[in-house]
Amino acid sequence: MVELWTPPPGERAHTMVPRMLRVDRVIRELPDIVTLVLDSAPMGGFRFGPGQFNMLYLFGTGEVPISISGNPVEPGDLVHTIRAVGQVTRPMCQVKRGDMLGVRGPFGTEWPMDDARGKDLLIVAGGLGLAPLRPAIYHALHHRSAYGRVIVLYGTRAPDSILFEDELHTWRGRFDCEVDITVDRAPTDFRGHVGVVPALLDRFSFDPDRTVAMVCGPEIMMRFTARALTKKGLPREAIWLSVERSMKCGMGVCGHCQFGPTFACKDGPVMRYDHIFRLLDIREI
Amino acid sequence: MESHAPWQVGSKAILSVTGLGDLLGRLWAGGRQVVGPVVRDGAICLGPVRTIADLPKGLTDEHGPGTYRLKPRGDEALFGFTVGQHAFKRSILLPEVALVQLRRKGRDVEVEPATPKTQPLALLGVRACDAAALGIQDKVLCGGPYADSDYEARRADVLVIAVQCTNAASTCFCASMGTGPHLSNGFDLALTELLSPTHRFLVEVGSPAGATLANQLELTPVSEGDLSDAKTAEQAALTQMGRHLETAGLREKLQQNPDDSHWENVANRCLSCANCTMVCPTCFCTTMEDRTDLTGDIATRIRRYDSCFSEAFAYVHGGSVRPTVRARYRQWLTHKLSTWVDQFGSLGCVGCGRCITFCPVGIDITAEAKAVGAPARTG
Amino acid sequence: MENLERSLAEHPFLKDLSSEHVKLLVGCAKNVRYAAGEILLREGEDESQFFLIRQGTIAMEAYRPGKTPVCVETLGAGDVLGVSWVLEDDGVRAGMASTLDARARESVLAFVLDGECLRKKMSADDKLGHALSRQLLSSVYQRLARLRLQSLDVYG
């Protein structure tokens, strides 16, 4: 019999089978965005790294990749924040407390929380992109002394579409965290900035030699944010983005998430800008 | 020396045509399903081969871009053709398979993994190109930190009874890809079909399991004449091979030319029908879908073949990342002949030529790969 | 005067100008503080003055009858406001009045440079004219690029 190709040593997982977990809380964040808190106690808590995602399964409907938006330091609650936009996510956002969802994961790469130790963190989020970055913010604030400045810049459409608004206020209220918000348009009583994220970057001075930027949002927003950051002197190696592609397996075997030579599910979602800036410029890749 | 020493890995011997029938019988009797070439609907497909009568006796296949015909050879050859539209992947990476079943009971959902019902397999008539493809899929589906467990279970007990290619087609280019036509490893037994002076097979033992099998068969020692006949037969495949693909610099060239005008040129011909991905022996893309029973209480998660040529393939909320045929063809070709190297350490094409033959408009991967990034064309 | 010159030179808009050129501009400039709510420029008004913002936030607002006023851009330290004064004396100035209200959202500190004075200095000194025009074009283009991105409604 011909020998199978020998896998690299180390643990290998076979995980096309979801684990069913119960919805413990449903938080309606915005009209089209819901946070689902799953009780992971039956499986002894759920460990993940900031930036990783799960394949979430809704019975009889299908499965979608969703970033984990909860606190990595509190593994009991497994938290995802979902926008009702597709065939699966729309009914998924309708689930009630006590319903069950299937979970496979965690999959993918993490924000470089270790590499960034001792550096200033510049966290730039757009729209729902704040959800995959929230675990990084939790991590940084929990290990606050490990980092220099912690700057959170958030761009969204309008003041009424600010995700995690209460938390943004809480973080802003800390003496050791800089938070600023920019929106595309606002009523005149809005106190934040109005304009694009790169304009907001110009309002901050940061040390390009000791800053690590983590950027997540719509791809076009990440493209122009990353370019603006390099223009401000940040090396591409210090900029990290989270790439979004179609995924059916989450583990590199279904082929859907290819992004040039990479698989967004296993080489990403979090990728370093110097590795992908050329790919980001190729249309329809 | 009438009694032969036990056959070992590397041994060569002669098997008669009836001996091949005996081999088939023994494989089935041992609980193994033999999958090999059978004629169906005017094509050589893959299916159960119980006796040598099931094999495509005296037939060959004529290949061209968008053209495939069976023709009589005028002899008794059992493997006198090249390849059909089926690749052996369909026996291991199944076109459609249930992976999970879920049952809703009130607000609870119970999960039952679908354990693969696997039967030991023998793949008969595997050419060098197809053997290389099996190796490539093994690496893709079992080589990473995660494995496709269904594939792995089905792959675990597969005998490869290869056939050395003595009949290449005009669409073939395995020599360019370094995968054939001669197969030197990756098989349990390899047969070379010899037609004259008598119809017989030169058998090479490629593995301990192959040796065990060989020792159950009536094999006779190989002669210098047999070896030279086999060499001549294999040489024919090399000379018949109709196509060439220059692989030097190909990986870089394709990745560096995403905006080449030739992509649009192909897109104007490509129907985006996905035939090339279905017949390709290395294409591995799959999707998952849910099927529920009429009560709505039982859902089955099905994995089935998918293709990067479908618009839905690269759907991200709101729309497809690759809405144009140009982008989809570029994705397929660039993956196969370029980014596969970055991902898995080898090219993803074995040179079997199926995609050329079974493309309804005859798009030729070797010609397209050559044209992309070529110096400006005149006229 | 020397203080004004020094702080003018520190404004990002002028930081690439030579010290001689900055010195030439001092005569056109005054240092002004606007109280929260005060309008710096009103929709339809001539942009006869050039504002170099030093501190505070300015909201660019549109008044829409029957709807709440809307803010489409905020300006802050380092930004400039009102640029069409530069076109005054070549006869092409048409429809270049301010398109929006510029309102101080909080106390705003700005250098206000008189447009006519600037134009005279620019005509008298080609090199200054060139340097200032270049800065203006760069600033206007950056604003244009941002507003284009902003119009994309990327956050979905």
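Q: Two strands count as paired if DSSP finds at least two bridges between them. In this predicted model, which residue in strand 14 of chain B stands opposite Q101(B)?
A: T300(B) stands opposite Q101(B).

Q: What makes strand 6 of chain B and strand 14 (residues 298-305) of chain B a pair, and in which sense do they run?
A: Seven bridges join the two strands. A pair needs at least two bridges, so strand 6 and strand 14 of chain B count as paired. They run antiparallel.

Q: How many bridges join strand 6 of chain B to strand 7 (residues 108-113) of chain B?
A: Strand 6 and strand 7 of chain B share six bridges, and their pairing is antiparallel. In strand 7, D108(B) is the bridge partner of K105(B). The two strands form a hairpin with two residues between them. In that turn, G106(B) has a positive phi of about 65°.

Q: How do we know that strand 10 of chain A and strand 5 (residues 70-75) of chain C are paired?
A: Two bridges lie between them, in the antiparallel sense. A186(A) is opposite C71(C), a residue of strand 5 of chain C.

Q: What is the strand order of the open sheet of five strands?
A: The order is 10(A)-5(C)-4(C)-7(C)-2(C), and the pairing is antiparallel.

Q: Why is one side of strand 10 (186-187) of chain A left without a neighbour in the sheet?
A: Strand 10 of chain A stands at an edge and has a single partner strand, so one of its sides has no neighbour in the sheet. Strand 2 (39-41) of chain C is likewise at an edge, with a single partner strand.

Q: Which residues of helix 3 of chain C meet helix 4 of chain C?
A: K121(C), M122(C) and S123(C) in helix 3 meet L128(C), G129(C) and L132(C) in helix 4. By class, this contact has three nonpolar, two polar and one charged residues.

Q: What are the domains of chain A, and how far apart are their centres?
A: Chain A is divided into domain 1 (19-107) and domain 2 (120-242). Their centres, taken over C-alpha atoms, are separated by 24 Å. Domain 1 of chain A gives 14 residues to the contact and domain 2 gives twelve. Strand 1 (19-30) and strand 5 (77-83) of chain A each supply at least two residues of the domain 1 side.

Q: How many residues of domain 1 of chain B are in contact with domain 2 of chain B?
A: In chain B, domain 1 spans 12-240 and domain 2 spans 250-371. Here 39 residues of domain 1 are in contact with 32 residues of domain 2. By class, the domain 1 side has 23 nonpolar, ten polar and six charged residues.

How values were computed
Residues numbered from 1 in each chain as written. Chains lettered and ligands numbered in written order. Predicted model: local features only at pLDDT ≥ 70, side-chain atom pairs only at ≥ 80, totals over all residues. Contact = placed C-beta atoms within 7 Å. Helix = DSSP H or I, 4+ residues; strand = E, 2+ residues; numbered from the N terminus. Nonpolar A, V, L, I, M, F, W, Y, C, P; charged D, E, K, R; others polar. Domains from an automatic or database assignment.
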